[in-house]
Amino acid sequence: SFQPSDCERFKALLSAKLLASSKEQVKSPVLSVAMVNRQTIMNYSFGTMQPFLRVVTALPSLVATARRILEQGMQLPNGSSYTFETFESNWLYVMRFMVDRD
């Protein structure tokens with residue numbers, strides 16, 4: 001299973017895939033990957049926190065490409081392959097900025 005210690009290797013894998021499939025010329029397309037405990041609006045259950053991967057990209061235009069890569073499936077640092085369900089990845093940049101503010 002995915003552990004917080006896997007975040008840095010996952011970030012490197014996702015960055016490499018983004019560099020290969022994006023037209024954007026950035027040195028580091030993924031700024032951070034962190035495992036966070038949050039509640040989802042979809043299938044909301046009061047008081048129930050679940051682990052999510054929070055991925056921060058260098059440019060808003062990279063979000064759609066990252067979403068496509070994750071939803072199509074990619075190999076995890078432990079060698080297994082996984083298809084991700086993304087949340088809040090289709091929100092406008094301004095809305096995402098307001099939600100992510102702690």
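This report describes confidence, aromatic pairing and a salt bridge in a predicted model.

Local features are reported at pLDDT of at least 70 and side-chain atom pairs at pLDDT 80 or more, while totals for chains, interfaces and linings use all residues. Residues are numbered from 1 along each chain as its sequence is written, and side-chain values rest on heavy atoms, without hydrogens and water.

The mean pLDDT of the chain, the predictor's confidence in each residue from 0 to 100, is 82, and 80% of the residues score at least 70. Helices are DSSP runs of H or I with at least four residues, numbered from the N terminus. Confidence is highest in helix 1 (residues 7-21), at a mean of 92, and lowest in helix 3 (residues 93-100), at 57.

There are 2 aromatic pairs in the structure. The ring centres of Tyr82 and Phe84 lie 4.9 Å apart with their planes at 75°, so this pair is edge-to-face; rings of Phe, Tyr and Trp (its six-membered ring) pair with centres within 6.5 Å, and planes over 60 degrees apart count as edge-to-face, under 30 as stacked and the rest as tilted. Phe10, Tyr82 and Phe84 are joined by ring pairs into a cluster.

The structure has 1 salt bridge, defined as a side-chain nitrogen of Lys or Arg within 4 Å of a carboxyl oxygen of Asp or Glu. It links Lys11 with Glu8, whose closest N and O atoms are 3.7 Å apart. The two residues are 3 apart in helix 1, about one helical turn.

Exposure is tabulated below; buried means under 20% relative accessible area, exposed over 50% and partly exposed in between (1.4 Å probe, protein chains only).

| Residue | Relative accessible area | Class |
|---|---|---|
| Tyr82 | 45% | partly exposed |
| Phe84 | 15% | buried |
| Lys11 | 17% | buried |
| Glu8 | 53% | exposed |
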